[in-house]
Amino acid sequence: MTSSAPTSDFRAFWRSVRANRMALAGLAMLAAALLVAVAAPWLAPYDPEASLRVTIEDVYAPPSAAHWLGTDDGGKDVLSSFLYGARVSLTVGFFASFISVVIGGLIGLTAGYYGGRVDNVLMRFTDIILVIPDLPLTLVLVALTAPSLFNIILVIGIVGWTGTARLVRSQTLAVKERKFVTRARAIGASSPRIIARHILPLVLPLLVVNTVLVISLAILNESTLSFLGLSDPTAVSWGQMLNFAFTRGAMSVGAWWALVPPGFGIVWVVLGCTLLGYGLEQILNPRTQSHHLSAGARMVARLTERLTSQEDRLARPPAPRPPDDLSAAPVLLEVRDLSVEFVSPGAAPARAVEGVSFSLRRGEMLGLVGESGCGKTTLMLSLLRLLPASGRITSGEVLFLGRDLLGLSEGEMQAVRWSELAMVFQGAMNALNPVRTVGDQIGEAIRRHEVVNDAARLDRRVCELLDLVGIAPERRAQYPHQYSGGMRQRAMIAMALACNPQVIMADEPTTALDVMIQAQVLELLASLRRQLGLAVIFVTHDLGVVAEVCDTVLVMYGGVAAESADVDTIYNQPQHPYTQQLLKAFPDVSQVGGRLVSIPGYPPRLNALPPGCRFAPRCPAAFARCHTEPPALHAVARAHTASCHLLDPAEAGRRAGRAA
Amino acid sequence: MKRYQFLLQKFAWALFTILFVLVLNFFLFRVLPGDPARAGVRDPRLTKAAQEALRVRFGLDKPVINCFETLNPLRLGDCWVNPLETQFFIYLGNLLSGDLGTSYHTNRPVAAILAERLGNTVLLVGLGTVLSIVIGIALGVVAAWRARTLIDYAALVGSLVAWSLPTFWLGIILLLWGSTQFGLPLGGKATPGLAFASPLEAWWDTGRHLLLPTLTYTIIFVAEYVLIMRSTMLDILAEDYILTAKAKGLTTFQILKDHALRNAALPIVTIVALNLGFTVAGAIQIESVFSWPGLGLATYEAIVRRDYPLLQGAFLLLAISVIFANLFADLLYSFLDPRVQTG
């Protein structure tokens, strides 16, 4: 390890502390308190030990020029006592928490590192101590020993270690299995050495956060003990001042000045610790910025950009037509020129979907394919307007039976969701609520969209739905964790069918499943489509599955529609180099001996897109124009479009000319 | 794991913990420097005969445990007495018959004092706990739902400040403010010397006495529930099943009620259980400030008066209540979490 590494670690850490307002405020508050404690002899206007000539006017004298914070029951200056009180309170806080953290840290490290029986015994012991209410225990211990500052520090320290022990143990457990620790063990390093050299540094950040909070608890405990009259009467802490004032008539005189400042001091220090601890924790475990119910960014850009996009559309070829046998079916869903971007503070917006158009007819199964991160899921979520708060639709229309879903109010949209367009989510383990039964969750969807007065009828429908996807209806009373992965996925499909939607969007419904179950789920989707006349959008990166079940295919790359056509055309005459590469990267059982070629490189980062064609950096056929100008969507044949400069008739002519 | 196994395990664990507390309670008061048990019996206010009677009654003339003074295993024979004659077994026997000793200060049975105080603490703590949980959950949910808006920041900072307040000091300030501004009583449970014409008036009087202690308790505990609820909800609302619920067309209110809150019940039950120890701490401080005649005030008085039997009894009762409350929380947890029910 070089000596510069810790310094730069520390610099990075310090930068994030400075960026966190809470941590910074807490740090400043603690620094101020520490300064007051250290400088008390210079700051205090009076010596707190020296008794004044006490006359009756000096007792609980209100604030004045001579005594800024008035006087106490003994005629002493409250401000001076307050300043000196900081020393006692902080001393107890720091030393007691030091004891707690050392005891808790050692127990936690030992339990976490050695595990097994050692861990069991230590943690059981910790559990017992944890359940004994700590203030009564502290009170009893202090009451039974002599009330000296030393004893108080000792008792508070000894009682307060349990939280630290549990925290350090769980962190040690997490760290212990990391590679370099197991490696150190394998080469025979001694346990204390491994703990000190490898584990402690990784536990330390959390321990620091924890220490800050332990200090605040110790200070609170000390003040409570003092207030209850259990501390050293010669060491006047803030709590002790409050005890004196409260028990010696400040309440009946209304001498708030003797009661407010000491309490303010305690709150100041404890709040400083709390803010610092809270801020540091945020730095160590940053939470995601938003959740599914966060107010979304408003789609402000939409109305203005729609005008331009409509002009654009005139120049573009129409959306691809489905194959002949479907072309008679009515169009259910038509997406026109849809663009979505994600905004995050301090970064360029990520253009996750740009100018995508497609249409979907009744009974059609559309395969949406592309590598991970090319905008497939974003596209699906934006159709239901379920984008996270940072996402916004910047242009386009989502016409469902001629009605633009993007123009609906949130309430109208809620009515459309699931009853018209339902979704089967990726990874149904987390998509089902773990604490409600599967049947309940299916019934909930029905109850939301229909008036159901008859509980027995609702139950019957839930049974039918489960039966339809091949789940025994008795299992409706079970919870998701009692289902296997494939069953959960089928339950999710049953739920999607609950309200007889016209369109089902299945987002990689088979990725987490093994091959047999995969086939089951696919077969189920295909047969349901035939049975119920559903239109299905099938999101996947598995081209084999697409060939098997889909009618039409939309290939996406880097947020744009690269190519779209019926499934035979895509497989037999792919025009876009990306589609061609994708097919080469896919094993074809019929061509024994054919070599698989993976596409070099990675999909583009959506907030740093290349200026030209998004595929150009990885494209084997790219030429100069590809790197500067994004290609338009060209019609290759009826119902077959691709966005590639190679298909531009002008480009073809130019090339022919150059060749001649 | 089947549910009954889970329950059995928790029950056995609670019993074991109680046993530990019994032993701790016994030794703390006998082994620590100053020998408080003997010191109490040597109370100069008692006559010699009374002191002797107490010594015999608490068995203080007997060894603490067998061979307590002689830890040399080879000499066990010299000090071995009938185990039932040792202080520890006398203590256990007395406990089993409900005898917690006699208060040095009032000379009444400790068990009787604690019994009449228990109801008052349950009233104060129960009311405060219900209020703080309801308000805390509501505020926490709103803060999480409206994350990173003004209302969220206000709830967060307000809670952090409230969390940092020493309980007793908040009590003092509220008492100072309430008694001078609104003429609320300075403490106690009932206005002394007042004869009430009807039970309604008596309740009104109790209510006026209960107002400030309950307010103090609620402010202190609401803070923690807001913080816990907020972070729990932030995690839950980012879960996939919330997106499913939203995709199903459920309204925001339905999602919060039927999906998020239901799932947040588990962590909240855990936190409420963990908080029970702090509940006791809160009761001691608040009852001391407001002279509310509950277990907390009994503890405080026992400390101030060096009334060790009362302190010992109060400690035992408080610790055992927390253990039972924890057990109850575990049971509740097993009913709320289907994964425990059905394994």
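**View 1. Strands β6 and β7 of chain A, paired in parallel.** In this predicted model, β6(A) and strand β7 (residues 503-507) of chain A run in the parallel sense and share 4 bridges. Strands here are DSSP runs of E with at least two residues, helices are runs of H or I with at least four, and both are numbered from the N terminus. To count as a pair, two strands need at least two DSSP bridges between them. Look for Leu421(A), which sits opposite Val503(A) of β7(A), and for Met423(A), whose bridge partner in β7(A) is Met505(A). A quick word on bookkeeping: residues are numbered from 1 along each chain as its sequence is written, while chains are lettered from A and ligands numbered from 1 in the order in which they are written. Since this is a prediction, local features need pLDDT of at least 70 and side-chain atom pairs count only at pLDDT 80 or more, though totals for chains, interfaces and linings use all residues.

**View 2**

**View 3. The open sheet of 8 strands in chain A.** Reading across, the order is β6-β7-β8-β3-β9-β10-β12-β11 (chain A), and the pairing is mixed. In general, strands of a sheet pair through backbone hydrogen bonds, either parallel or antiparallel. Why is one side of β6 and one side of β11 left without a neighbour in the sheet? β6 (421-424) and β11 (633-637) of chain A stand at the edges and each has a single partner strand, so one side of each has no neighbour there. On average, neighbouring strands of this sheet are turned by 20° against each other, direction ignored.

View 4. Strands β1 (residues 331-342) and β4 (residues 391-400) of chain A are joined by 8 bridges in the antiparallel sense, and Glu341(A) stands opposite Arg392(A) of β4(A). Angles are taken between N-to-C directions, from 0 to 180 degrees, with axes fitted to C-alpha atoms (for helices, over the stretch in contact).

**View 5. Helices α18 and α19 of chain A, packed together.** α18 (residues 438-449) and α19 (residues 455-468) of chain A pack at an angle of about 115°, with axes 10 Å apart. The crossing of α18(A) and α19(A) is right-handed; a crossing gets that name if the near helix is turned clockwise from the far one by less than a right angle, and is left-handed if anticlockwise. Gly439(A), Ile442(A), Gly443(A), Ile446(A) and Arg447(A) of α18(A) meet Leu458(A), Arg461(A), Val462(A) and Leu465(A) of α19(A), where contact means C-beta atoms, placed from the backbone, within 7 Å. Those residues split into 5 nonpolar, 2 polar and 2 charged. For that tally, Ala, Val, Leu, Ile, Met, Phe, Trp, Tyr, Cys and Pro are nonpolar, Asp, Glu, Lys and Arg are charged, and the others, Gly among them, are polar.

**View 6. Where chain B touches chain A.** The contact takes 65 residues from chain B and 61 residues from chain A. Which helix of chain B gives the most to this side? Helix α11 (residues 252-290) of chain B does, with 11 residues. The chain B side comes to 42 nonpolar, 16 polar and 7 charged residues. Chain B has 14 helices and 0 strands, and its mean pLDDT (the predictor's confidence in each residue, from 0 to 100) is 84, with 88% of its residues at 70 or more. The model scores ipTM 0.88 and pTM 0.83.

How values were computed: Two residues are in contact if their C-beta atoms, placed from the backbone, lie within 7 Å.
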